[in-house]
Amino acid sequence: MGKMCLDFKKVSKIFAHFQRKKFSVPLIGLAAIVILLYGLEQAGLKIPSLIEMSLLVMTPLGLAAVGESINQKAGLINIGLEGIFLISAVIGVYAAVKIGSGVLGVLIGTLAGAFIGLLFAVICVYGRANQIVAGMGINIIAIGFVPFFMLTVWRSWLLTIPQFQISALFYNPIRLQPVTVLAIIAAILASILLYKTLFGLRIRAAGEKPEAVDVAGVRVDRIRLFTATLGGALCGLGGAFLALGWFGGIVKEISAGRGFIALACVVCAGLRPLRALGFAFMFGFAEALAVTIAILYKDILPENFIYMIPYIVTLVAVIIVGKAMFPRAIGKPYVRE
Amino acid sequence: MINRIVKGLRDLARPVGQSVFAVLVGLSIGALIMIISGNNPIAAYYALFKGAFGSLSGWLQTLTFATPLMLTAITFAVGMKAGIFNIGAEGQVYIGAVGAAWVGGWIALPAGLHVAAATAFGMLFGVLWALPAALLKIWRGVHEVISTIMFNWIAFYFAIFLVGHLAGERAELTKPAMTSARYAVLGESLTSVIFVVIALCILVYILLWRTRTGYELRLAGSNPDAARYAGISVRRAILISFIVGGLAAGLAGAAQVLGGHPSWALFKGMGNVANYGFMGIGIALIGRNHPIGGIFAAIFYGGLLNGRIAMQAEAGVYSELVYVILGIIIISLAIPDLLAIVKKRFK
Amino acid sequence: MIAKPETAVSKIYVVSDIGGRGDLSFNDMAFKGGDEAEEIYGVEMVELISTTSADYLPNLRAAARDPDSVLIVGVGFLLIDALLEVAQEYPDKNFAGIDTWTYWTALDAGITPPPNLMDIVYEEHKGSALVGALGALLAIHYDKPYIGGVFGMEIAVLWKFEIAYKWGAEWAVRWYESNYPSEYAAEPSTSIVNTPIDERVLYTYTGTFSDITKGYEAASVMYDEDAVVVYNIAGPLGLGINQAVDEIATAQSLTQGPPFWIGVDANQDWVNPGFVISSMMKRVDFGVTRATELVRKGLFRDVIEESPTGMLLGIGTEVAGIPMDGISVSTLADLDEFIEMGVAAEERTGESVLPMTPDEIRTTAAALRAAQPSWIWDAVAELEAKIRTGEPIADFDGDGELETVPAATTQVAVDYWRAIFGTL
């Protein structure tokens, strides 16, 4: 066992060397994608379609990941993203149908997400609840609540409402959804917020050294309430987008595990919002490519293995970075002395 | 003697009280949701509990639902005892089920040995799937929540892939376990695998509370600094907790196949193993992270899973509500002093 | 057989596999049958929805224990083992399984097939061959190279759909060749007749019957490759396929296909009239009402005795001496029935379910069909007539013998036909 540890240290050094060189992960990723795209174009695949689909997949993942990045920076970890996706999607659809407006449906879905985020923060900050357990609780509630709600209200776990679908901004050269633009803006703003503002400094400090923030006269609890609510709202927007932006309708398992891929984006990106969005795009691209390959070039690689890509990439990322990426106080309730 | 019993009961009162309170919170919010959705909660709960516990056949079916939950609760509970959030039971159940389905369905062995070997392979596969997360934690400090979530999803797709290769004449499930690899049917859907399961629960209890290893594991979890000071290896404790968790989860998967009357196989969509790992987290919490407490908690929730069928048929309440109730119980139990907080408010 | 006083309300139980009401296809058709049985035979239907496969046995037993239950229908082949078990436990009760083959499973296991358990099986392959032909004919008409198919999880029932769909496409190409030889020779390179036989059908098994994003993604790729039509063989994933079509329609301001998609199990033409060219209807509802009728008339067990391998519903089939089809390609006349279903759903839920008013749906669907040349519909009708006679139709595997539409239910059969029609 000792020998293996030694070897591992050597490997870590090599990785550290790369990190010092400031190779930016997204930059490498982008370059890789460009090269890949060229190759795929040569192979006869349709690049605009691949990008369109990647953007669609990216949007909910990216929104949730950006929100969760801020949340985790402040010291709260919410693994209930999948549950928030599902609940906000169904609430969004319900609101859209009741009010008769897709846009308002998305808005209310976002508010539903924010509300769950806030509730989560209250439980964790004031109730000092275990965050992992509470997050899991959200997921399990959603597994039951969404079909229960749909069956009770609509007597069906599938609903189509194309009339309330948010329409695309434009169709050429590629189709672009307004919420996709929001996701990109959210990532940029989150990045500015975290790294260029005093408030961002406080958020990060609340995750690293909550005592110090407290001493400086800033309320850690309020920061965490804010970040969790914001995180929930962005995740809720992602969920509502699934039902009202991507589709004009909903099924009971509409997110199909995407909440966990969003979590993977956060971890891979080391809690940096822009990178999280980058990973969301990359995972979206992998998914789009997987489907295309499955149809046009069967038997290259079983689809089941392609679907594993986000999770394997995440494992590789955490193996390289180790535990260093998380703020020190993450997952721990902060109690004022 | 009597004093010891009284003291023991008094020690029990607080944790049991907290669990009971959380369960009541869950059931009350469930009732509230029923009222909002226009159902009668009294009729619904009456149908539910009568269906689950009102007859011998109800009890047998309830125990069937409880069987895998007792085990996945152990996976989470042993982790918690060692200070680890092992939420990887879900994936370990899938892979354990694959192992059991492989040996049970494809490898002919003499009766008696066959069922034992298939069970052992299920458990072994569960451990194998648990180990990477343990090693990543020990060597690289990778947070087990992240790694186990990722391994759960990898397990999902991997298991579907493997079922495709283990299918017999029917593509939708693995080749059914041979008769020699099946546990005997006791009544309703309950099979004798429950004895193996309860035996494992008791063994884990003995390991945790009656052996030095168990003491070290619990100390490493409750007070790692003190453990290090006492020369106890925290890494070893983590490793053991993952291995025990993997054994339990693997057995849960094996139980769903080798004790999975009437199909005796693993379904391709994971239909007969899905969500038990996640539900186990809640069961562990209700059972106060104790293997024996987990048995009772699993029987309670197995009752909910069984009784919801009667609840839907007789009271017209959609059965998915029981997941909501479990989720709320979990969140209530996530708050360490919920009972104390509530008491303070109403004083 | 069932000596119940007429005063007591008899109940039929419909036990779904995982899912339940709402898939717009298979399960919904079973519940539709239950609803109709309520109206026609005055029984009461109780729905029991399974959320995991561990629910099958307790659900079926709960139904069997109800003293008022006269018929228990298990929907889907996943319930085979559970049905076999409970039917033996409750020999006084009548059980029926949709898409099941309990007779064979029982024989394999060395059990006498229970006399109270009826398999209700369908000739999905025949319907799939018809829509395969329809798709290929549309591809010929619009000079498109491919037709597509989005499948759910790879299971034996779906193999029947896949192989027959491809077989039907081949039949259409050959039909065109012999009926319009000069046009056939002049077809442009993009026409499906010039696509190699093993590449004509783009298909994928998505591995899911619930994740609509997979349906969307797969269909998008197929339409991108210029498939004229995509056949939905994954129930709810039709919502994803429809989304892919809708996007193309919006981007190009189309009110009518191509691109098209083909519905499955139920009549899904109303979901997006103008773009759903037709549906391969599998009348699970007929199976349920028919079984109820047989129970009512006391003939249920006689029919099982007469045809122990199951009640076969297809094209040109008959039950207890009475002709009864269970498979058809939807026509305009079928649409009304399903629009009514949508209207009923709207009344029940208070939500708008139909995409437009019933009249608009009828007009749009009629216009869509009228816009396709009549020889397409004639050719499909010709194939249907041939299938109905039950005689061998064509020789596409080159074994020198004419075959009817192949029903591929085993890995061996699927591999055999994929070697001809392509794995790609």
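The model is predicted: local features need pLDDT of at least 70, side-chain atom pairs count only at pLDDT 80 or more, and totals for chains, interfaces and linings use all residues. Residues are numbered from 1 along each chain as its sequence is written, chains are lettered from A and ligands numbered from 1 in the order in which they are written, and side-chain values use heavy atoms, with hydrogens and water left out.

Chain C holds 15 helices and 14 strands (DSSP runs, H or I of at least four residues for helices and E of at least two for strands, numbered from the N terminus). Its C-alpha trace spans about 70 × 55 × 35 Å along the principal axes.

Next, display the side chains of chain C. Of its 424 residues, 64% count as buried (under 20% relative accessible area, 1.4 Å probe, protein chains only). Residues 24 or more positions apart supply 71% of the contacts with a separation of 6 or more in chain C (heavy atoms within 4.5 Å).

Now select chain A and colour it by pLDDT (the predictor's confidence in each residue, from 0 to 100). The mean for chain A is 87, and 90% of its residues reach 70 or more. Where pLDDT is low, the predicted coordinates should not be read in detail.

Definitions and conventions:
Buried means under 20% relative accessible area, exposed over 50%, partly exposed in between (1.4 Å probe, protein chains only).
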